[in-house]
Every structure is written in structure tokens, then in C-alpha cells.
Amino acid sequence: MPQHDRSGDDPDVTPDPLPAKTPPPADASPPADAPPPVPVPAPGIDPDAPPAVPSGKFGTPGRPLRRSSFLIGFTGALGVLLAYTLYLGIRNAGGILVLVVIALFLAVGLNPAVVRLRRWGVPHGLAVAAVALVVVLLLCGGVVALVPPIVTQSGQFIDQIPNLLDELRRNPTVNDLVERYDVVERVQGAANAETVGRALGGVLGGAQLIFGTVFRTLTVLVLTIYFLAYFNKLRALGYSLVPRSRRERVQLIGDEILAKVGAYMVGALSIAVLAGATTFVFALIVGLPYPFALAVVVAVTDLIPQIGATLGAVIVSLVGFATDLPTGIACAIFFLVYQQVENYLIYPKVMRRSVEVNEVAALLAALLGVALLGVVGALIAIPTVAALQLILREVVLPRQETR
């Protein structure tokens, strides 16, 4: 007789329990073809947030703050306040920043001389000291050339004031005008405490201007020496701020820009020294007063692009016309000829290997530089345009072609 399963017929009989699954041993490794386990974030934790790394001393950081509208608005307001504070700081420190820019520009321009001395076997510190000494000597020579003529001319004018007043008194027309318009009474009325205070303020303002100029000059000189001494370290630090993937390209472009700025600075100084030396020889030939001072004026103004040579020529020509008419005409003819030789022969040959900037771009850059930073802006206008032109040609235009 077939046996029936009594467990299905009798409700009192419970079926045998299923065999329990034995857990795998703790040291059992997963199969080789098993996928890696997917981490499941805990409730309330942003899966995109970086994992918390224990710092050891201060424990494990907590969960990031929730992005609420209040937190976003407060962060935005704090950013605007920080930007405005930064703007106020830059505006108040504008004068110091201009001095830093001048010192950087001079350091970049003088660094090729330091590199050349290093190639000759001179130690770095001694090379920087030699270049700085040459700059100081040139600066002292310019001061010695300009200050004595100014002091002498001022003293001669003060000595001639009594003679000028006597000549005015002997003139009947001047005496008639003095009596008609009561000039003496008006002069006496103007000589009060307020006028004296204004004059004293003007004297103090002039002294403040002189001491301020000396302070700014010394500041630029000291900063230039420091930048020259640590030029390689500062350049390496600037390149280290760039991401590693773009560092090599940025370094190549940056070195090319620095080379162009240095070459422009050396070329501009060479042309200025040549203009000053030529003016000095010409002034000695025609007998102009203070030839060395006039040569320094021409050399300094020749550093200003586009308009500097003309400005120096006008100053020397005015001195020549003040001496006598033939001397003034000779000055005008000399500078007319020399500027043609400089513009079409000397300048292209010296600047051929340094910077190549369009004439219109150079003129616009010089005008904008004068409007923004004065003479300093005019001096750094051409190298800035050359750097922007290099970045435009190597970075911007190729990127536009690939889009």
C-alpha cells in the first residue's frame, strides 16, 4: 500500500524545518569574478560630499551644513563685503602698488644684465650688487646734473628782482597803471595773515613734495634690488601657482614675455643713452648752457614712447632760442634730423629682436598708459602690449579656431 505524507493530512504534525544556511567563515574571500561592493551612504549624508578624514588631534569632522537660503544669502553678502573691502584696500594702497609695478618692471629689465654677469662667472649676489651700483650712479649723476642748474637759475632770478622792480618804477606807463588801479593798496591788503598762511602752506607743500619724491625713489630702488636678488625664486613661485597640467605651457609663454620685456628695457635704455650723448656733444659745439643737464633731460624724455623724443627736443630748442636766435634754429634743425635717423635707422635696428608692436597699438597704449599711470604708464605701455599680443597669438586665437 503506498505511503502517504501524513504531514499534509494531519494538522497536528509539523513539517521538518528547513536546514539553516551556514554563514561563510570570516576568513573566506569573495569569488574572483564577484563585483566590488557598492558603499551605501548613511541616511542624511550627502553622497557627493568628500569623506571625513580623521585629523587625529581634533577628531572627525562632522557633516557639512545644509544648504539653506539664509546660508546662501549670508555667504553672498559676505563675498560682496569682502570684495568691497579689497577694492578700498587697493584704492588706498594705489601709490604703493604703482611703486611695486615700477620696481618689478625695472627688475625684469635689469635681470638680463645679472644673467650676463652670471655667465661670466660672477656670483649672483655680486652681480646684483654691481647692477644696483650702476643704477645708483646713474641716478646720482642725473640729480647732480639737474639740481645745480635749477638752484643757480632760481638764485639768479631772485638777485635780479630788485633791478626788475627799479626798471618797472622808471617806466611811466607802469607808474600810470599803478596809480590808476591802486596796485600798492591792493598788494598791502593782500599781505594779511591768510595770504601768509597760504604761502607758508605752499612752502611746506613744496618741501613735502621733495621729501616724498626722495622717499618714493629710495623705495623703488630698494624694491628693485630685492626683486633682482630673488628674481628666480619669485618666478618659480608664480609658476607653481599654475595647475601642473598647464604649468609647462604657462612657463614657456611667461619666459618669452619676460625676455621681451627685458629686451625692450635694454633697447630703450640704449637708445636713450645714445640720444643723451649726442645732445651733450651738440650742446658743447653750439655753446648751450648746462649741456650735461640738457643731455639728461633728453635721455629721460626719450624713454617715453612716441612723444618723449619730441618733448626733449622742444625743451632744448626753447633753451637755444632763449640763448640767441641762431642757436635756437640750429637746435631745431639738429633734432629734426636726429629724430628721423632715430626713428628709421636706430630704433628699428635695436628693437628688431625685442618687441614687434603695431604703430597704432603702440600709440594707443602710450595714450592709455599716460591717462592711467602718467609717465610710468607710458613707460610700461609697449611691453604690456607686446605681452598681450603674444598671449593673443598663442592662447586666444588657437582656442577660437578649435571651436
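Begin by selecting lysine 260 and glutamate 256, which both lie in helix α9, four residues apart, or about one turn of the helix. The model on display is predicted. A salt bridge joins lysine 260 to glutamate 256, with the closest N and O atoms 4.0 Å apart. Glutamate 256 is partly exposed, its relative accessible area being 37%.

**Other salt bridges**

The whole structure contains three salt bridges. Select next arginine 235 and aspartate 255, whose side chains meet in a salt bridge at 3.9 Å, N to O. Arginine 235 belongs to helix α8 (residues 231-240) and aspartate 255 to helix α9 (residues 244-286), so this pair ties together parts that are 20 residues apart in sequence. Arginine 235 is partly exposed at a relative accessible area of 31%, and aspartate 255 is likewise partly exposed, at 28%.

Then move to arginine 393 and glutamate 394, where the side chains form a salt bridge of 3.7 Å, N to O. Arginine 393 is partly exposed, with 43% relative accessibility; glutamate 394 is also partly exposed, with 31%.

**Aromatic pairs**

The structure holds five aromatic pairs. Select phenylalanine 280 and phenylalanine 292: their ring centres are 6.1 Å apart and their planes stand at 90°, so the pair is edge-to-face. This pair links distant parts of the chain, with phenylalanine 280 in helix α9 and phenylalanine 292 in helix α10 (residues 291-302), 12 residues apart. Phenylalanine 280 is partly exposed at 28% relative accessibility, and phenylalanine 292 is partly exposed at 45%.

Continue to phenylalanine 282 and phenylalanine 334, a stacked aromatic pair with 4.1 Å from centre to centre and 5° between the planes. Because phenylalanine 282 lies in helix α9 and phenylalanine 334 in helix α12, the pair ties together parts that are 52 residues apart in sequence. Both phenylalanine 282 and phenylalanine 334 are buried.

**A nonpolar surface patch**

For the last stop, select Phe321, Leu325, Ile329, Ile333, Leu336, Val337, Val341 and Leu345, which make a nonpolar surface patch of about 740 Å². Helix α12 (residues 325-351) supplies the largest share of this patch, seven residues. Within the patch, pick out valine 341. Valine 341 is located in helix α12 and is partly exposed, with a relative accessible area of 35%.

How values were computed: Residues are numbered from 1 along each chain as its sequence is written. This is a predicted model: local features need pLDDT of at least 70, side-chain atom pairs count only at pLDDT 80 or more; totals for chains, interfaces and linings use all residues. Side-chain values use heavy atoms; hydrogens and water are left out. Helices (H or I, at least four residues) and strands (E, at least two) are DSSP runs, numbered from the N terminus. Buried means under 20% relative accessible area, exposed over 50%, partly exposed in between (1.4 Å probe, protein chains only). Patches are made of residues with over 30% relative accessible area and no salt bridge: like charges are joined within 9 Å, nonpolar side chains (Val, Leu, Ile, Met, Phe, Trp, Tyr) within 5 Å. Accessible areas come from the Shrake-Rupley method with a 1.4 Å probe; for residues, only the protein chains shown count as cover. Rings of Phe, Tyr and Trp (its six-membered ring) pair if their centres lie within 6.5 Å; planes under 30 degrees apart count as stacked, over 60 as edge-to-face and the rest as tilted.
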